[in-house]
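Keep the picture open as you read.

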Amino acid sequence: MKLSLNEIKDLVNFELPSPDELVSTIGSKLGQVEEVIDLNAKYKDVLIVKVIKAVPIKESNHLSACLVDDGGYVKQIERNSDGYIPVVCGAPNVRSGMLSVYLPPNSIVPSTIKDKEPFVLKVKPILGHNSNGMLASEKELDLSDNHDGILEIDGDFKPGSSFSEAYQLNDVIIDIENKMFTHRPDCFGQVGLAREVSGMYNSPFVSPDWYFKDETVLPRSSDADLKSINQAKDLVPIFNLSLLKGIKVGPSPLWLKVKLARLGIKSINNVVDVTNYMMMLTAQPLHAYDYDKLKALSKSGGVSLIARRSEKDEKLVLLNGKEITLEEDMIVISTDDKSVGLAGVMGGLNSMIDENTTSIVLEAATFDMYKIKRTSMVYGLFSDAVTRFTKGQSPYQVDFVLSKAVNLISKTTDISNSPAIYSSNEIDQQSANSVLVVSANSVNKLLGTDLTPETMQKLLTNVEFEVSVRGDEMSIKAPYWRTDIHIWQDVAEEIGRIRGFDLIEKINLRREATPVFPHPELNLNSEIRKFLSSRGASEVLSYSFVPQRILDSFSSDPNHHYIVKNALSPDLKYYRSNIISSLLDKINQNIRASHDNFAMFEIGRVHSTILGINDYFEVPDFRRRLAFVYAKSDKNSKKIKGSSYYWSKKYLDSLFDYFNVKTRISYRPLTSIKDDLWADTANGFLNNHSASVYLDEKMIGLIGEFTAKTAYSFKLPKFVSGFEVDLQSLLGLSNESQYSKLSRFPTIDRDYCFAVSKDKNYEQVVKGLAAALSEVLDSSLASEISLVDIFLKDSSETKNLTFRVVYTDFDKTLSDKIINEISSKIESKMHASLGAKLI
Amino acid sequence: MKFEDDRIERAYQALLEQFETLEIKKDILKSNVFIELYAQLKSLDNADRPSFGKNINALKQEFERLVIESNDSGEVALPIDVTAPFDDNLSQNDLPQFIPVELGSLHPLTTEIRKVTDIFSKMGFQSVESLELDDDFHMFGSLNFPEGHPARDDFDTFMTEQVSKDTKPFIAPAHTSSMQNRVIRAGKDALEKSSKPIAAVIPGRVFRNEDLDARHEHTFYQLEGVYVGENVTVGNLMATLKTFLEAYYQKDLDFKTQPFYFPFTEPSFEFSMSCPFCDKRGCHICSYSGFIEILGCGMIHPEVLRLAGVDSDKYSGFAFGVGIDRLVMMKYGIEDVRYFESGRLNFLEQFK
């Protein structure tokens, strides 16, 4: 929202401080300043001059050779013997004796100041005449789109006067972020901003009479010329009209053009300019209709303007020339026959005023802000009026603004009738601000201040609240334009803000000396992050949303996914149901960026419709997951022996070891996965080279390599494997180290090579060996098994597993004899249980 | 499948034969037949070239399809023993290796969340996780955003096709404030029975339906703070933020507030600190203003307390939110927010 210092300085009762000081105070007491625009930079060189002579140039059909009087103001410029400056001008209205505006050489044409290359005037010979700068049109001055002639100054100014001083274009505009004013319709007008500025400098503000004194309001009329009919009172709190006859629509006087130009609005004509100016002052949008056009659009003789709900498929051509088809239940303005405007958003083309208009209907109304918002969104129409109507103005300002607008129009044209207000309903009393009883102590307790009720009273009355104080109790009535004050906390905000929040002393909270317990899930995440990153893996975060492509590459059923229905990008269509596919999607780009050997992991959540609704949160359930991938570029994996599977498994085994659950973990073939969500993810894993991961009898994850389809769609190198595990299952596992007593006696190790049938897996053999050892060994004897190698001959039906067993006795020194005895017992047990042959 | 163009049809048949015998089916896409076709393409005249080119592509697509269909049959070697620590015919010496330790890295966002929650933990704030799929009530209703309120439009929220019990779409939360109601509700009993204040920080992933550029991400991280107790003041709020920021940057800072509007706090502020990178001398991080707007905050609106079942006459509190991505970007001078979720190791490996 733009604030014009020249506009508000006439409204406040104190000398405004410097713009810099004002900007800093506005920042701390009202809202963020986005931009400060020094208009003077744009207009500083523009001079008011007198045209002394204008002689048509023979060789041209429109140019005149002129002499202008600048009172000798411009230095170092060509002058004739009388001291006048030669300028060539192409405007039809240039004539001797007129006052106009002049841009000397080296000045910038104001309308081009924001262009990439602003237009800088030069001395230019034209048809044998030197032109020193130019006389300017309204368009060149950025006041309107009028380029028919040069600006004529109607006033008593000395040649050489500064144009910007004469018309107060020497202004500073402070642009304040609109977000701050979501609930403050009054701050979308200069009057409201002036009031705020007064308040923050502790100066009492008094609104202009026309904004609140009943005697300034036009009388009501019920004559037959016009009728206001409100058929949607629940959506249209007030719908008031005025009728102005015998007027002339034409250019606005310069003072009005300038007031608008300061706030960045181009002049159109006197009627539209007045409505725009009133909106800039008060945030109340107005709309003007051509009365005769309304009449022609009516069935009956008179004109009734009706605010009503739209019917389905009703058509309306808007001011911008676009035809829209209405939905049911929006607000339209219509005659008894035809709709003529989309209420609060944009008028209709059929009733628009133009240069032939002689009578107008002015509408001032308020509309349901939600309805206006929705209508604006549906048709993509965003206007200054919509910005204001969606903040919820007070209906009480309508009559004041309408009356003032009529008054201003009367300063720009004759009016043949005595305007009055046509109204169909009075404002529902419920929308009036009621008296709030507020305890000064409560306010102090919320703010952390120690203000007296009288101080609070002063701060509030400065911005026109009515406040009476009795002891600690304040009775407070907010002025009608403050539609945001509902509860005592709103009043506390007002007091704290206008006084300055930065004045409040910062006092730390006191608390009991109790520790905060770590959040178990976040703590587990930290442990895992530390663990994996210290083993060379890189932590990744990727989007929670995935495209169709990723679902397809895992053959994941789209019905298992939550679908984002309004994503701007199709890449964000589905909530992911596993994380590993997101990680696989990151491999190729890193290979291309010359990473040859890397591991990545991500900790995150997955969602799926399979999981249903979480009972506790009553929102879609989720799972916490850890995903990991290991990849080597093709050039780096050539010499690697064995499957990539084991590389990821080493990481996972080691993680389980860290959490002391290695012995409870088993790896089982991918067949018959009972959990639907894991089954869906397993589609991407390659059978025979992948496993389900079990903690005891619960499936907690998947590990392995990937199908050719998956590999192809992610453009994976040959050597890739990965895993995904459920983190909830790891919660509560302890990573505390476990200590067992040391033996005073030396250890002995022994290698055993067992030949077993090819279809026996490692786990069966190692468990068989462990079982055999536990049966054979005394309680004083401990053993530790590790695998040395696995040997498989292509043609053979058996394979050889070599284990090393380390024996430790706590009671005695072990002899070879004891170990040999143990070994032969183990041999027979292994033979019995697994058909294993000791080699 | 049959190709009209004889030249292509002949190539097709030749390729099919090769495909049958190939052990690695994918290699068909690199077949000399394709190479010859492309060579042929170059020598054709302009009239013939486009349609011939199209046909080659169709042929290639057909074989891409066959490769995917053949899926695992051709490529997979013998089954492996998934329970073993390493492959057949290998030994202990061939155990897979961890990647050299110096290459590991932690994501700067999770690291920063940890740092921030650690400070708040020391100040008595319990960490709580947020949700990635939430409902309309927690995103808006519980935070005093009336139905259809224009302030809702400031959040470009993602919504799902699937709907909740109340037939409204689920929502990808656009701020961590969506956890306020739950956190206050959870702490209500202890607050009322043993005067234990509610003090929580909630780091989480949040989402805005925006187009991406160097400064805008649709996915980013926020941290919400909530404190509710008796006689909690604006002064307490500002002191808490000051204490946190000074601990985080490990230096004394100056602070400014700017009034703001949030439906769920009253009063509401934006909290600015003096620039910790240049100590107010002016630098590109603070846009040469000496101050950086760092947090949105305010006193929890009585309606928000009421909706969480807490008596707003007896208790008051404050809430604040900080963008983690921005903290990290400022700290390291990261120029593009999109790097965070890019999975680019060149980026990630810089953060230990």
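This is a predicted model: local features need pLDDT of at least 70, side-chain atom pairs count only at pLDDT 80 or more; totals for chains, interfaces and linings use all residues.

Let's start with who touches whom.

Now for the geometry. Helix 4 of chain B covers residues 108-122 and helix 7 of chain B covers residues 234-249; their axes sit 10 Å apart, at an angle of about 130°. An angle over 145 would count as roughly antiparallel and 65 to 115 as roughly perpendicular, so helix 4 of chain B and helix 7 of chain B are oblique to each other. Their crossing is right-handed.

## Where the chains meet

How many residues does each chain bring to the contact? Chain B puts in 92 residues, and chain A puts in 108 residues. On the chain B side, helix 7 of chain B turns up again: its eight residues are the largest share of the side that touches chain A. By class, that side of chain B splits into 42 nonpolar, 30 polar and 20 charged residues.

You can find B:Leu345 in helix 10 of chain B, which spans residues 345-348. Is B:Leu345 buried or exposed? Count the other C-beta atoms within 10 Å and you reach 22. The cut-off for buried is 20 or more, so B:Leu345 is buried.

Who are its neighbours? Leaving aside residues up to four places away in sequence, B:Leu345 touches A:Ser538, A:Asn590, A:Ala593, A:His595 and A:Phe598.

## A helix pair in chain A

Over in chain A, look for helix 14 (residues 453-461) and helix 15 (residues 488-499), whose axes come within 10 Å and cross at roughly 85°. Since 65 to 115 degrees counts as roughly perpendicular, helix 14 of chain A is roughly perpendicular to helix 15 of chain A.

Helix 14 of chain A makes the contact with A:Met456, A:Leu459 and A:Leu460, while helix 15 of chain A uses A:Glu494, A:Ile495, A:Ile498 and A:Arg499. By class, that gives five nonpolar, no polar and two charged residues.

Conventions
Residues are numbered from 1 along each chain as its sequence is written. Chains are lettered from A and ligands numbered from 1 in the order in which they are written. Axes are lines fitted to C-alpha atoms, for helices over the stretch in contact, and angles run from 0 to 180 degrees between N-to-C directions. Helices (H or I, at least four residues) and strands (E, at least two) are DSSP runs, numbered from the N terminus. Angles under 35 degrees count as roughly parallel, over 145 as roughly antiparallel, 65 to 115 as roughly perpendicular and the rest as oblique. A crossing is left-handed if the near helix is turned anticlockwise from the far one by less than a right angle, and right-handed if clockwise. Two residues are in contact if their C-beta atoms, placed from the backbone, lie within 7 Å. Ala, Val, Leu, Ile, Met, Phe, Trp, Tyr, Cys and Pro count as nonpolar, Asp, Glu, Lys and Arg as charged, and the others, Gly among them, as polar. A residue is buried if 20 or more other C-beta atoms lie within 10 Å of its own, exposed if 12 or fewer, and partly exposed in between; C-beta atoms are placed from the backbone.
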